[in-house]
Amino acid sequence: MTTPTSTPRTATRLRAPELTGRGWLNTGGEQLSLADLRGRIVVLDFWTFCCVNCLHVLDELRPLEEKYADSLVLIGVHSPKFEHEADADALAAAVERYAVHHPVLDDPGLATWQAYTARAWPTLVVIDPEGYIVASLSGEGHAHGLSVLIEELIAEHSAQGTLRQGDSPYAAPPPPETTLRFPGKGAVLPDGSFVVSDTAHHEVVHLETDLVTERARFGGAGVLNEPQGVLVLPAETAARVGYDVVVADSVNHQVKGLRLADGAWVTLAGTGRQLRERSGSGPALRQDLSTPWDVAWFIDRVVVAMAGTHQLWALHLATDPADNTVAVLGGTSAEGIRDGAADEAWFAQPSGLAVSADGRRLWVADSETSALRSLDLTDDGFVVETHVGQGLFDFGHRDGTADQALLQHPLGVTVLPDGSVAVSDTYNGAIRRFDPVAREVSTLATGLREPSDAVVEQDGENTRLVVVESAAHQLVRIPLPEKAQRVDGLARQTQRPRQEVAAGTVSLRVNFTPPTGQKLDHRWGDPTRLMVSATPGALLAEGGGSAEGLQRDLVLDPSVGDGVLHVSVQAAACDGDPDTGEVPEHAACHLYQQDWGIPVVLVDGAPAEISLDLRGV
């Protein structure tokens, strides 16, 4: 294990590269440069709007934006993963959807990403008032450390006379006006009416069958924060527990119950704090959650798509919510595709759930792997299977056999009356159909704006879908065609520079310098953990798996040639005196974590090391 030590900022003076891209958002049409920001502390937030970890960081940064408004300028650098995210209109919608209240540089060609050698979403880069890079941070959990660093920079540059205070260059766009705003999920009630999560308005809306007339609105800011999944409980369960609808309250990191008769709310799970440990079980109201995105009724439980930890959780509803319990149902929290026993499987931001007619299969829209997957109840326990999808960086719009078909960041999944599955293929703007018997994928509808969910509606002998068309701010009906289309689109891959490394033994090192006033606390063992795997698996001959430490030797097989190294890391730093090693009895501890997917190509004579910054200063 490497022992992190503080490095003086004067050791290396690296001038920040200029910010270049297609254009700017949230600046009132003005183009910004680093010269315009000289004298201010600048934090660059490299993000992409599909990434739940990036959304977590946006929330972590909001208090810092407010606290240091006169000294700090936060700049979002949007460097897309998916093709759809490179669309300028889609980015503008996402900036509004996620309430981004700072300037955003549109970087579709990854020019600024590459200039700053960013390696993962999210990455934060701190630039001092003189225009030099002073820190590079990856992943979540950096709010406290950033605050400490900003305070140090304010003190240092105030004393030098190089700090210039002033207003942010942020300019708010005109406020939009639509009845719904980025609705997320929908569900049908026994009388044929609908409930829909009105995500950007922080409400749940009860709609008549015309999909427009409102019976009621529930929640609002202070009650909900970007609600997503909605589940209508079975009648007997609703009568027992006293509420009708279960809601995934994503940014509040809670699951809540709603009684439609009087609008009463009850918290069913979650403390309101984001889960950092990526595991949990026991009393539901004492357990932190992480961005619950959808909910479904399966095995007499509410199954929660826990997008923030890449897992599925099960919530048991007791008559008294104080007796509710939760447990992890599937997923280790590693991000990617790995099938098999549920407790060993990997997911990647599961965002949509639906249950088969026989109740033994839970379909999962696994958005970051652009995959359709399932959790099956078998005689040997729960088993995860991938039906469509190839990996974290493979996507497209291609129909045909399941092993060749491609999706692009699907968020919803719906079981059709014939047992096939409709996939809300969000970033392709399409509804796709998977036939589990023929194992074929086809296209039911195109031309939609970010469909995120769909509900089956029977009208006599006719079957229709009510689609939540999120970016069009509406619900729409589409008939199921007698014959689906076949789209032979191109296969796509996320394009990022590949790192040249030597074949054979390669040293992997994760750099982590705790913030001033903190240290790694070894009183209860090593506070770090490093997990490494590869795609294809044969690339990594030795050095895979999970173990303590921040450094490891890997052996890369030269016969494979190239691939992706998947690296996950956690490090916990606690308040304490870094010189004496003393740690207060009730020290506050902070968990830093990140997942990297590093494209590599093996080249003779290339460096035999890979260095990643979790918190490099």
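1. Ground rules. Because the model is predicted, local features need pLDDT of at least 70 and side-chain atom pairs count only at pLDDT 80 or more, whereas totals for chains, interfaces and linings use all residues. Residues are numbered from 1 along each chain as its sequence is written, and side-chain values use heavy atoms, with hydrogens and water left out.

2. A sheet of five strands. An open sheet is built from five strands in the order β16-β20-β19-β18-β17, with antiparallel pairing; strands here are DSSP runs (E, at least two residues), as helices are (H or I, at least four), both numbered from the N terminus, and two strands pair if DSSP finds at least two bridges between them. Because β16 (281-283) and β17 (292-298) stand at the edges and have a single partner strand each, one side of each is left without a neighbour in the sheet. Neighbouring strands of this sheet are turned by 25° against each other on average, direction ignored, where the angle is taken between axes, lines fitted to C-alpha atoms (for helices over the stretch in contact), and angles run from 0 to 180 degrees between N-to-C directions. Within the sheet, β18 (residues 301-306) and β19 (residues 311-316) are paired antiparallel over five bridges, and V303 has A314 in β19 as its bridge partner.

3. A second open sheet. Another five strands follow the order β21-β25-β24-β23-β22, again with antiparallel pairing, and its edge strands, β21 (340-341) and β22 (350-355), each pair on one side only. Strand β24 (residues 371-378) runs antiparallel to β25 (residues 381-388) and is joined to it by seven bridges, while L372 stands opposite V388 in β25.

4. R361 belongs to strand β23 (residues 361-366), and its side chain makes a polar contact of 2.4 Å with the side chain of D376. Such a contact is a pair of N or O atoms within 3.5 Å; within protein, one must be able to donate a hydrogen and the other to accept it, and residues adjacent in sequence count only if both atoms are side-chain atoms. Leaving aside neighbours within four places in sequence, the residues in contact with R361 (heavy atoms within 4.5 Å) include F298, V355, D376, E385 and H387.

5. Searching the whole structure gives five cavities of 30 Å³ or more, a cavity being a set of points, on a 1 Å grid over the protein atoms alone, where a 1.4 Å probe fits but cannot get out, and lining residues having an atom within 4 Å of a point. Grid points are joined across faces, edges and corners, and a volume is the space filled by probe spheres set on the points. The largest cavity holds about 310 Å³ of space, and of its 26 lining residues E335, L392, D595, W596 and G597 lie nearest its centre. Strand β44 gives the most to this lining, with four residues. By class the lining has 12 nonpolar, eight polar and six charged residues, where Ala, Val, Leu, Ile, Met, Phe, Trp, Tyr, Cys and Pro count as nonpolar, Asp, Glu, Lys and Arg as charged, and the others, Gly among them, as polar.

6. The second largest cavity. About 200 Å³ of space lies in the second largest cavity, and among the 20 residues that line it, R97, Y98, W293, L411 and Y427 are the closest to its centre. Helix α2 (residues 88-97) supplies the largest share of this lining, four residues.

7. Backbone details to check. Most residues other than glycine have a negative phi, and most peptide bonds are trans. The bond from W121 to P122 is cis, with omega near -5°, and P122 sits in the loop between α3 (111-115) and β6 (123-127). A cis peptide bond also joins T535 and P536, with omega about -5°. L110, in the loop between β5 (104-106) and α3, has a positive phi near 60° although L110 is not a glycine.

Conventions
1 Å grid on protein atoms, 1.4 Å probe; cavity = no way out; pocket = protein on both sides within 12 Å on 5 of 7 lines; lining within 4 Å.
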